[in-house]
Number of protein chains: 2
Amino acid sequence: MSKGVTFARGFRGAVAAAGVKHGVPERDDVAVIASDRPCTAAGLFTTNQVIAAPCVVTRRHLAAGTLRAIVVNSGNANACTGEQGEHDAVAMARAAAALVGSTPFEVAVASTGVIGVPLPVERIAKAVAGMKLSPDAGESVARAIMTTDTKPKLAQREVTLSRGSVRLGGVAKGAGMIHPQMATLLAFVTCDADVDAPTLRAALGSAADRTFNAISIDGDTSTNDMLLVVANGASGVTVGEPDLPAFTDALTTICADLAQQVVADGEGVTRVFEVHVRGALSDAEAKLAARTITTSNLVKTAIHGADPNWGRILAAAGRSGARVDQTRASVRIGDQAVYADGAPRVFDAAAVRRIFSAARIAIEVDLGVGAGEARAWGTDLSAEYVRINAEYTT
Amino acid sequence: MSKGVTFARGFRGAVAAAGVKHGVPERDDVAVIASDRPCTAAGLFTTNQVIAAPCVVTRRHLAAGTLRAIVVNSGNANACTGEQGEHDAVAMARAAAALVGSTPFEVAVASTGVIGVPLPVERIAKAVAGMKLSPDAGESVARAIMTTDTKPKLAQREVTLSRGSVRLGGVAKGAGMIHPQMATLLAFVTCDADVDAPTLRAALGSAADRTFNAISIDGDTSTNDMLLVVANGASGVTVGEPDLPAFTDALTTICADLAQQVVADGEGVTRVFEVHVRGALSDAEAKLAARTITTSNLVKTAIHGADPNWGRILAAAGRSGARVDQTRASVRIGDQAVYADGAPRVFDAAAVRRIFSAARIAIEVDLGVGAGEARAWGTDLSAEYVRINAEYTT
């Protein structure tokens with residue numbers, strides 16, 4: 001089992017049950033990730049204009065300098081909670097700061113759950129005060145931040161750089177409201193390299209663009225999305241200029257691992273499909289087309305039903321805003337060419353059914369106008385998704 | 001019962017069973033709407049870059065001058081069918097032209113159904129050749145163009161202008177792939193006024209913007225969307241300058257009637273909700289926010305489950321691209337203020353449940369930044385939608 005955020009040296013974690021959602025402690029719903037020394041940090045936040053209080057507070061704390069801890073609760077998003085919400089997020093930071101012996105400004109705060117309900121911050125603070133940090137809490141932390149996730153999501157990786165080896169570990173929670181820009185609710189990566197904040201920011205931007213920002217479950221961007229990476233230098237290994245590609249690559253691998261776990265565990269998801277768009281006027285247009293295909297309810301339901309109704313794929317590309325030349329476009333599903341050079345092909349419908357019935361599906365679309373390309377990952381839309389989301393707050 | 005497209009003088013209709021979808025005639029799936037004299041005409045077509053052959057052909061015929069007939073088939077969209085698709089659409093026009101005694105250029109062609117399957121055009125042409133036009137075929141035409149619609153959609157209206165009264169009648173089919181821009185698959189309005197084409201175009205643009213372009217079922221814009229209005233002058237009443245507002249109003253009423261029928265009969269729809277966005281920076285931003293809310297799967301499933309999870313409404317507005325000031329925004333569901341002046345309100349959750357359980361729901365969102373406003377109509381997302389769309393081609 002992966003040790004997640006406690007894999008890197010100098011990091012510990014703790015969890016507690018505060019009864020955030022229903023007032024009664026039922027399961028662990030508060031977690032702290034702590035470093036034994038100050039960390040450089042970088043973060044990416046929701047692009048939603050309705051921003052949850054913890055995102056506002058954490059962005060402020062990141063700008064102020066180093067971090068010592070991350071405190072997270074599930075069951076309540078502390079979003080659309082007005083001025084009180086910000087006070088509550090700061091109070092969470094204060095509680096975690098007391099636990100790790102830092103200032104509140106050195107604590108990042110994250111929340112996930114129901115929007116618009118005041119946070120039961122006293123219960124959370126009390127739960128944090130009673131915590132015991134442990135180097136073996138990686139999996140418990142992953143479980144405590146889950147909402148409708150069915151599985152904890154952890155990743156770890158050790159990579160050898162020019163001056164020695166460093167460790168990276170990560171945790172994520174997803175399930176619903178998973179969509180670019182920034183396709184995760186919450187993800188935290190810890191690292192024991194000695195790396196400055198600007199380098200960390202550059203590596204994180206590059207890693208996110210090819211991982212978390214290319215997945216979609218339901219097209220809804222949350223108010224609480226947050227991806228943080230913290231580095232505490234406990235390995236004694238400094239990331240120098242020549243190490244940048246390897247370091248970025250390791251971070252990208254961790255993010256890709258977590259992003260794939262998020263998409264595979266999307267609400268009601270039974271299948272994951274990859275859309276590779278080529279022949280677009282630009283990479284940006286390819287991305288637009290790929291994302292539109294992965295979020296089309298008609299494509300998602302066709303894949304759920306293993307229905308070889310490929311016209312919906314091309315139609316989704318056509319409405320995406322990306323330029324398409326339908327007289328030169330082509331569509332492949334797995335190894336089946338269903339549309340090529342502007343005309344439908346005779347294909348083996350039974351074969352396409354089999355391809356669509358697999359847990360992972362590859363779709364290739366050529367827009368026939370240029371050399372731009374991009375990949376995106378989506379999920380099928382099931383009756384189970386509807387059931388989960390029709391009954392969320394209750 | 002409404003007479004639909006045969007309500008206006010000088011229009012007749014006919015239907016036939018050609019076995020378009022499965023090769024075996026099961027139900028009427030081809031329809032012709034004919035005028036006993038040439039009509040001025042105006043049309044709006046899909047904005048999807050993957051445009052079905054009938055849309056291409058009809059646009060060309062509209063540009064060439066007057067129309068005498070509209071020929072429509074259901075069961076096959078004749079989309080993504082390459083060059084052959086255009087030949088087939090022209091062949092449909094030729095068959096209808098022979099029936100009404102006009103040139104093929106005076107025939108509009110429309111198709112709806114599965115994408116990417118060659119059109120069985122010989123069967124359609126043969127069915128058209130055997131048709132008998134009748135002034136009582138309004139409802140049969142409405143039934144013949146249905147796909148997954150559960151009800152035929154007809155509307156009619158008589159309006160008194162300065163020089164006499166004129167009649168307008170309409171028919172539409174919807175069900176899936178219903179989304180602005182141009183939120184209908186197919187809609188045809190016939191009218192016995194004497195009105196020139198530029199006037200007709202202006203009136204249609206205005207009518208569509210407030211009706212068909214403000215509804216959404218699943219966010220997917222079809223390759224085949226087509227809204228046509230034809231006017232044959234059989235009433236002997238000319239639409240003069242002073243009649244324009246009344247004429248546009250009558251056309252808007254017909255379109256609104258049909259659009260509301262389309263949205264209420266959306267695939268798996270049990271509830272329709274209206275979103276009224278105010279306080280936006282501009283009407284355009286209000287429209288963006290209203291449409292994003294009506295297409296959010298999370299909002300749609302919450303309404304389906306009568307779940308008072310209003311935060312999803314504000315979160316959808318926040319990701320729409322419209323500017324939102326969350327410290328001044330407010331959200332009302334029916335008569336319940338759930339969020340006001342930047343903070344959540346204590347509200348009666350049971351009352352919101354009751355409001356969400358009604359067949360029609362009113363939601364008001366104030367973005368708190370300006371004076372722009374717009375309305376949009378959406379539907380809940382049900383497990384039944386998933387079932388219908390997972391099994392469409394089979």
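How far apart should the ends of the 12-residue helix α1 (residues 53-64) of chain B be, and what is the distance between its end C-alpha atoms? Here are my notes, starting with that one.

1. **The helix in question.** At 1.5 Å a residue, α1(B) should span 16 Å, and its end C-alpha atoms are 17 Å apart, so the two agree. The expected span is 1.5 Å times one less than the number of residues. Helices here are DSSP runs of H or I with at least four residues, strands are runs of E with at least two, and both are numbered from the N terminus.

2. **What you are looking at.** This is a predicted model, in which local features need pLDDT of at least 70, side-chain atom pairs count only at pLDDT 80 or more, and totals for chains, interfaces and linings use all residues. Residues are numbered from 1 along each chain as its sequence is written, while chains are lettered from A and ligands numbered from 1 in the order in which they are written.

3. **Back to α1(B).** Look at which side chains are tucked away: A53(B), P54(B), C55(B), V57(B), T58(B), H61(B) and L62(B) are buried. "Buried" means 20 or more other C-beta atoms within 10 Å of a residue's own, "exposed" means 12 or fewer, and "partly exposed" is in between, with C-beta atoms placed from the backbone. The cover over those buried residues includes β2 (30-45), α2 (82-100), β4 (107-114) and β8 (226-231) of chain B. Just past the helix, G65(B) has a positive phi of about 145°.

4. **Chain A as a whole.** Count 11 helices and 14 strands in chain A. The C-alpha atoms fill a box of roughly 70 × 55 × 35 Å along the principal axes.

5. **Two domains.** Chain A is split into domain 1 (4-264) and domain 2 (272-390), with bounds that come from an automatic or database domain assignment. Their C-alpha centres lie 33 Å apart. A264(A) sits in helix α6 (residues 244-264) of chain A and is buried, with 20 other C-beta atoms within 10 Å. Leaving out residues up to four places away in sequence, A264(A) touches V269(A) and V272(A); a contact means C-beta atoms, placed from the backbone, within 7 Å.

6. **Where the chains meet.** Each chain puts 55 residues into the contact between A and B. On the chain A side, α9(A) gives the largest share, eight residues. Helix α8 (residues 297-304) of chain A packs against helix α11 (residues 383-390) of chain B at an angle of about 70°, with the axes 7 Å apart. That makes the pair roughly perpendicular, a label covering 65 to 115 degrees (under 35 is roughly parallel, over 145 roughly antiparallel, the rest oblique).

7. Neither residue here is a glycine, but N78(A) has a positive phi of about 45° and D341(B) has one of about 50°. N78(A) belongs to the loop between β3 (67-76) and α2 (82-100) of chain A, whereas D341(B) is in the loop between β11 (336-340) and β12 (343-344) of chain B. Are they buried or partly exposed? N78(A) is buried, with 33 other C-beta atoms within 10 Å, but D341(B) is partly exposed, with 13 neighbours inside 10 Å.

Key:
Contact = placed C-beta atoms within 7 Å. Axes fitted to C-alpha atoms, helices over the stretch in contact; angles between N-to-C directions.
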